[in-house]
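I opened the model to see how the chain is laid out. These are my notes, in the order I looked things up.

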Amino acid sequence: MKISWGTSLVLAIFSFIAFIMFFVITMITDKAYSHDLVVEEYYKNELTFQEQLDKTKNAGLLSENINLEQTPEGLLITFPAELEFTSIKGNVFLYRPSNKQLDSEIPLSLSSHQLLVPDSRFIDGRWNIIIDWEYKGEKFYFKEDILY
């Protein structure tokens, strides 16, 4: 049986469409290819971006910034020694880009210039550490990506 060039062209186009549709349906239905937004209220967070930039600039004006150190006990967060630690308020966000169920937030309540986040809160991989804090009415923002 001989197939004409017109028939083979239609079969090729139909095969290509079927191939693409297979991958589209697979991506939509398979949970392994979940495409969630990074944060739930993405657009609301973008409206506060300038405020975040101002806070980051304030942190850059300090003589020393926050220091992160990985220890066997966990992640040691050290605030600037020049500041009175009892006046530091804010939150530490532990953000896991690959799994939002692992995200957590720790309110700052310091008894020294250091805060230890226990090793049990982390699993191996990439983490974004975000510290949004305030000292005597002035707001600061610190963000660092680490591999734990």
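**Contacts and overall shape**

I began with contacts, meaning heavy atoms within 4.5 Å. Of the contacts in the protein with a separation of 6 or more, 57% are between residues 24 or more positions apart.

I noted that this is a predicted model, where local features need pLDDT of at least 70, side-chain atom pairs count only at pLDDT 80 or more, and totals for chains, interfaces and linings use all residues. Residues are numbered from 1 along each chain as its sequence is written, and side-chain values use heavy atoms, with hydrogens and water left out.

Next I looked up helices (DSSP runs of H or I, at least four residues) and strands (runs of E, at least two). I found three helices and seven strands. Along the sequence they follow the pattern α-α-α-β-β-β-β-β-β-β. The radius of gyration, taken over C-alpha atoms, is 25 Å, well over the 15 Å that the globule rule gives for 148 residues, so the protein is more spread out than a compact globule. That rule is 2.2 Å times the number of residues to the power 0.38. I also noted that the C-alpha atoms fill a box of roughly 90 × 35 × 20 Å along the principal axes.

I then checked burial (under 20% relative accessible area, 1.4 Å probe, protein chains only). Buried residues make up 24% of the 148 residues.

Last, I looked at residues 6-28, where UniProt places a "transmembrane region" in an unreviewed entry; such annotations may be inferred rather than shown by experiment. I found this span to be 100% helix and 0% strand, with its end C-alpha atoms 33 Å apart.

Note on methods: Buried means under 20% relative accessible area, exposed over 50%, partly exposed in between (1.4 Å probe, protein chains only).
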